[in-house]
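Subject: Structure handover

Hi,

Here is the structure I promised. Please open it alongside these notes.

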Amino acid sequence: MVAEGEECPDAREPTAEEIKEQGNQCVRAGNYKEAILHYSQAIKMSPNPDATLFSNRSLAFLKMKLFYYANEDADRAIQLRPDWAKGYFRRGEVQTAAGHYETALLSYGRALHLQPNDITIINAAQKVASLSSKEAKMTKRLPWIFVTAGAFLGVIISLADSFLAETSSLNTFLAFLLTLIFSLMGYGIYRMYRYMVNLQRKGNLEPPVDLLEDFQKQEETEEAPETGSATTTRNRYTKAQARQRFRKGKP
């Protein structure tokens, strides 16, 4: 029985540390979306910015492949504790998953500088170094593979024309020209492939685009009364301000 004036234990609001632990439990259970909500609430409730909370939320974002937000939280953790190796390690994880191997190596290098004997950081750095090396080798090989495939297709077409057609329409020069054209087409396909890969990787760490933002702004402007338009404009956040508030854990 609770005495008069005494607070009921069940009615007590959880602390930021308790909400953080709930987020940790959600991460261990694989419920990353709920973990993000817990960490965001803990960030909002904490009297002082906590690098650990941003690092943990960065991991949850990373598990959901939301690389931009994961990278933002990792950067925030580094800003709060520049001498903490885990912040750099977390950023290296995000950059590796996003395909930015060179910058990931720099992040892991910084983490190793602060914590030289950490086997987890060493293994992660070795893994991304191996990925970077493999990609460099493939970047050299792929053009030749695409060109060879194009040339092979051109030769097949030329041979098919010679053996299957009653009267061949291709002489030696035309057969060579056809092979050359298909080789160039193969190289063109390779260049397009590399462009798409690089574009995707670049986009992994860029802020997401809200396709409805302009439409919603237009509707709000049309619906706002003329006398209150200035107040409405002042009370609306820009996209950059909204992202800044989100990073700070504010609604």
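Is Phe146 buried, partly exposed or exposed? Phe146 is partly exposed, with a relative accessible area of 23%. Keep in mind that this is a predicted model.

**Aromatic pairs**

The count comes to six aromatic pairs. Phe146 and Tyr190 form one that is tilted. Their centres are 5.8 Å apart, with 50 degrees between the planes. This pair links distant parts of the chain. Phe146 sits in helix α7 (residues 119-164) and Tyr190 in helix α8 (residues 172-204), 44 residues apart. Tyr190 is buried, at 5% relative accessible area.

Phe146 also pairs with Tyr193. Here the ring centres lie 6.2 Å apart and the planes meet at 25 degrees, so the pair is stacked. Again α7 is linked to α8, this time across 47 residues. Tyr193 is partly exposed, with a relative accessible area of 39%.

Ring pairs join Phe146, Tyr187, Tyr190 and Tyr193 into a cluster.

**Helices α2 and α3**

The axes of α2 (residues 32-45) and α3 (residues 51-63) come within 9 Å. They cross at roughly 160 degrees. The two helices are therefore roughly antiparallel, and α2 passes α3 in a left-handed crossing.

On the α2 side, the contact is made by Tyr32, Ala35, Ile36, Tyr39, Ser40, Ala42 and Ile43. From α3 come Leu53, Phe54, Asn56, Arg57, Ala60, Phe61 and Lys63. These contact residues divide into 10 nonpolar, two polar and two charged.

Best wishes

Note on methods. Residues numbered from 1 in each chain as written. Predicted model: local features only at pLDDT ≥ 70, side-chain atom pairs only at ≥ 80, totals over all residues. Heavy atoms only, no water. Axes fitted to C-alpha atoms, helices over the stretch in contact; angles between N-to-C directions. Helix = DSSP H or I, 4+ residues; strand = E, 2+ residues; numbered from the N terminus. Parallel < 35°, antiparallel > 145°, perpendicular 65-115°, else oblique. Left-handed = near helix turned anticlockwise from the far one by under 90°. Contact = heavy atoms within 4.5 Å. Nonpolar A, V, L, I, M, F, W, Y, C, P; charged D, E, K, R; others polar. Phe/Tyr/Trp six-rings, centres within 6.5 Å; stacked < 30°, edge-to-face > 60°. Buried < 20%, exposed > 50% of the residue type's maximum accessible area, 1.4 Å probe, protein only.
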